[in-house]
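Hi,

Here is the model I said I would pass on.

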Amino acid sequence: AKLLELPDRHGGTNRIGVIDLPSFYASVPLPGNEGHSSSKFTSVDVAKLIKKLEKENVAGIVIDLRNNGGGSLEEAIKFVGLFIKDGPVVLVRAPDGHVAEDDDDDPSVLYNGPLVVLVNRFSASAAEIAAAALQDYGRAIVVGDSSTHGKGTVQSLNPLQPFFMQENESPTNDPGTVKITIRKFYRVSGASTQLKGVTPNIVLPDILNYSTEIGETSLENPLPWDTIPSADYDKLNLIEPYIATLRQESNERIATNQDFIYIRQDIEEFKKLQADKTAVLNEREELKQREENEASQKARDKELAARKVPDEKIYDITVENASQPGLPSSETNVVNYAEMSQGQLDEAARLDETENILENYISLLSSNQNLIAHHN
């Protein structure tokens, strides 16, 4: 996790937390290592980080699920349970049509403050289930690419060797394994995460939004998106009243933000390359285009090198140091834009905008609470 200390508009500072969750991991119990101290579980580690961030008085938290390919379904359910009371998290349909409901059975809520979830086209499987549940409950604002990966199915691996062996015969050549789709995931709202994935409440510009080679839709013969009856769950009303305002303010910032101007330029170039089915054979034209590209990149590099260091402090918090009092002695606030790749710059820009959205959300919640208190 990171704790960010940012200047507010009144001469003070705001503190927000960012938790980077790369997968939903869980230790596999093997004979001899039961209860081993090295066991790792997503829900346990995230809980430690949240407790630390709350102790340091953060006003809100971002959960970064970008590039999270999934993992343990059980841990994804427990993760969602950190932010909601008990209730269904995901529906699972078997080939015979039977629908099972996987619930969070713990009525306690670890964190009930402002929450934003950041996703991209590489957020898949269990990550989509977690983001979808928090969105359907109205518990978190989902921000990111136009959709997540769309991996809403479960497969089993079935070795073929037993079918080819005679009784008491030793194995020779391995005929391989067949992968069979056995179940399909559905959100608590009844919509499948298959194919369509999760559509964020606020979509940010990204080249990945225009790639035809990423996601379930890029595969041959993917199972279709469909719906089943909704689960019975208590929907919160924490997000919907503010989404329109947050989306408008985000669009206004993005329109003038230099990083997103670059991203939009790259998107247009990417779309042009995708549409162009020809190659330039004229050497003069090719050299002219190359010179224009180099000049454009030099202008970018010059602008990046001249940027001022952001007026913020960043404290790195790990699962290991989360139990220690206070914050780490060394904070970082030096960002060398000139040394970052274009991909890193784009990723940082989307995280920065997500933090801006969270700050706006915190401000709107505070204003609403003050208004309610005034009327009371």
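Let me start with the open space: β1, β2 (13-20), α5 (240-256), α6 and α8 each supply at least two residues to the lining of the largest pocket. A pocket is worked out on a 1 Å grid over the protein atoms alone, as an open set of points with protein on both sides within 12 Å along at least five of seven lines; a cavity is a set where a 1.4 Å probe fits but cannot get out, and lining residues have an atom within 4 Å of a point.

Before going further, the caveats. This is a predicted model, with residues numbered from 1 along each chain as its sequence is written. Local features need pLDDT of at least 70 and side-chain atom pairs count only at pLDDT 80 or more, while totals for chains, interfaces and linings use all residues; side-chain values use heavy atoms, with hydrogens and water left out.

Back to the pocket. The largest one has a volume of about 1000 Å³, a volume being the space filled by probe spheres set on the grid points, which are joined across faces, edges and corners. Its lining has 34 residues, and the closest to the centre are Glu312, Ala348, Leu351, Asp352 and Glu355. Helix α8 gives the largest share of that lining, nine residues. By class, the pocket lining splits into 15 nonpolar, five polar and 14 charged residues (Ala, Val, Leu, Ile, Met, Phe, Trp, Tyr, Cys and Pro count as nonpolar, Asp, Glu, Lys and Arg as charged, and the others, Gly among them, as polar).

There is also one cavity of 30 Å³ or more. Asp259, Tyr262, Leu304, Gln342, Leu345 and Asp346 line the largest cavity, and the elements giving two or more residues to this lining are α6 (258-275) and α8 (342-375). Again α8 has the largest share, here three residues. The cavity lining has three nonpolar, one polar and two charged residues.

Now the overall picture. The protein has eight helices and 11 strands, and its C-alpha trace spans about 75 × 75 × 45 Å along the principal axes. Of the 376 residues, 40% are buried (under 20% relative accessible area; exposed is over 50% and partly exposed in between, with a 1.4 Å probe and protein chains only). Among contacts (heavy atoms within 4.5 Å) between residues at least 6 apart in sequence, 77% join residues at least 24 apart.

Strand β1 (residues 2-7) runs antiparallel to β11, joined by four bridges, and lysine 2 has aspartate 316 in β11 as its bridge partner.

Another open sheet has four strands, β5-β4-β9-β8, with antiparallel pairing. At its edges stand β5 (99-104) and β8, each with a single partner strand, so one side of each has no neighbour in the sheet. From one strand to the next the twist averages 30°. Three bridges join β4 (residues 87-93) to β9 (residues 177-186), and leucine 91 stands opposite tyrosine 186. Helix α2 (residues 73-81) lies across β4, β5 and β9, at about 50° to β5.

Finally, two lysines. Lysine 151 sits in the loop between β7 and β8 and is partly exposed at 23% relative accessible area. Beyond residues up to four places away in sequence, lysine 151 touches Ala124, Ser125, Glu128, Thr193, Gln194 and Glu216. Lysine 298, in helix α7 (residues 283-305), counts as exposed at 62% relative accessibility.

Cheers

Note on methods: Pairing = 2+ DSSP bridges. Axes fitted to C-alpha atoms, helices over the stretch in contact; angles between N-to-C directions.
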